Amino acid sequence: MPRSVNAVASRARRKKVLKATKGYFGRGKNVWTVAKNKYEKGLQYAYRDRKVKKREFRALWIQRINAGAREFGISYSQFMGMLKKADVELNRKVLADLAMNHPEAFKAVVEKVK
């Protein structure tokens, strides 16, 4: 009995990877073995960086809140402690937006917790 290899499926699989690597540099876009490795590595980076993105945004929000709070003479940690005591349930994303784009609203929050 002749060997069956299912060329249709393997070609489709290769086409899918080569389509995804379109725009990569050098042989990464058109040589199957190089493209496959780059594609898999790209998926690893994407998975990792979805987590890193969350960390980076949280750090950015904290910096913005800290800068806004220091204008009123308190540090970030003191401000967050006062928020907890005053039962104000605003997350860091919202607080950072207020501190940056709506300083008068942020001032009202600071006055409320002081």
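A pocket, on a 1 Å grid over the protein atoms alone, is an open set of points where a 1.4 Å probe fits, with protein on both sides within 12 Å along at least five of seven lines. I note that this is a predicted model, where local features need pLDDT of at least 70, side-chain atom pairs count only at pLDDT 80 or more, and totals for chains, interfaces and linings use all residues. Residues are numbered from 1 along each chain as its sequence is written, and side-chain values use heavy atoms, without hydrogens and water.

Entry on the pocket. I looked up the largest pocket and found about 160 Å³ of space (the space filled by probe spheres set on the points, which are joined across faces, edges and corners). Its lining includes M80, L83, K84 and D87. Helix α3 (residues 76-85) gives the largest share of that lining, 3 residues; helices are DSSP runs of H or I, at least four residues, numbered from the N terminus.

Entry on α2 and α4. I found helix α2 (residues 32-70) packed on helix α4 (residues 92-101) at about 45°, with axes 8 Å apart. Axes are lines fitted to C-alpha atoms over the stretch in contact, and angles run from 0 to 180 degrees between N-to-C directions.

Entry on α4 and α5. I read an angle of about 125° between α4 and helix α5 (residues 103-113), with axes 6 Å apart. That makes this pair oblique. F106 of α5 is one of the residues making the contact.

Notes: 1 Å grid on protein atoms, 1.4 Å probe; cavity = no way out; pocket = protein on both sides within 12 Å on 5 of 7 lines; lining within 4 Å. Helix = DSSP H or I, 4+ residues; strand = E, 2+ residues; numbered from the N terminus. Parallel < 35°, antiparallel > 145°, perpendicular 65-115°, else oblique. Contact = heavy atoms within 4.5 Å.
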